[in-house]
Amino acid sequence: MSWDSYIQSLMATGCLQKAAIFGLDGTPWAKSDGFDLSCEEVKELLGDRSKFLQCGPKIGGLKCRVLRDLFDDDVDGRLDMKTASDDQGNTYGVCVCKTKQALLIVMGNQGASGGQVTTSVLKVADHLKQCNY
């Protein structure tokens, strides 16, 4: 299976600037150019999230705050987040979806709504779940 085609599909939505797919063990399967996620950041997402509401995780080096934690939900399995401001003062929507075997992490473009970002990644996550991934 070519995981790069899933990244290309996500990026083709036009509302995302970065996308990545990781295994649930924290190993990278595919990611878009310039998405510098560390394995530590991914493992933090898969670990104890109880502190996230007070001190959110980092995604690609940017501090995030959790808006909605449905990660343990069998249907959605997602975290909706917003980054802290970058050096230019921009913030970005982030959505992390968990399937049976994978973690999909996307960051929206400047101005993309959280709904656009979430809808884009949920379509791919639903497809992977139907394929037992």
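Tyr 133 is partly exposed in this predicted model, with a relative accessible area of 25%; buried here means under 20% relative accessible area, exposed over 50%, and partly exposed anything in between (1.4 Å probe, protein chains only). As the model is predicted, local features need pLDDT of at least 70 and side-chain atom pairs count only at pLDDT 80 or more, while totals for chains, interfaces and linings use all residues. Residues are numbered from 1 along each chain as its sequence is written, and side-chain values use heavy atoms, with hydrogens and water left out.

Now for the rings. A pair of aromatic rings is described by the distance of the centres and the angle of the planes. Rings of Phe, Tyr and Trp (its six-membered ring) pair if their centres lie within 6.5 Å; planes under 30 degrees apart count as stacked, over 60 as edge-to-face and the rest as tilted. That rule turns up three aromatic pairs. One of them, between Trp 3 and Tyr 6, is tilted, at 5.5 Å centre to centre with 35° between the planes. Both residues sit in helix H1 (residues 3–11), three residues apart, or about one turn of the helix; helices (H or I, at least four residues) and strands (E, at least two) are DSSP runs, numbered from the N terminus. Tyr 6 counts as buried at 13% relative accessibility, and Trp 3 is buried as well, with a relative accessible area of 13%.

Trp 3 also pairs with Tyr 133, this time edge-to-face, at 5.2 Å centre to centre and 85° between the planes. Because Trp 3 lies in helix H1 and Tyr 133 in the segment after helix H3 (114–130), this pair ties together parts that are 130 residues apart in sequence. Put together, Trp 3, Tyr 6, Trp 29 and Tyr 133 make up one aromatic cluster.

Over to the strands. Strand S6 (residues 93–98) has five of its six residues buried, so it is largely enclosed by the rest of the structure. Two strands pair if DSSP finds at least two bridges between them. Strand S5 (residues 78–83) runs antiparallel to S6 and is joined to it by five bridges, with Arg 78 standing opposite Cys 97 of S6. Five bridges also link S6 to strand S7 (residues 102–108), again antiparallel, and here Cys 95 stands opposite Val 106 in S7. S6 and S7 form a hairpin, with three residues between them.

Lys 98 lies over the face of Phe 71, at 4.8 Å from the ring centre. A charge sits over a ring if NZ of Lys or CZ of Arg is within 6 Å of the ring centre and within 35 degrees of the ring normal.
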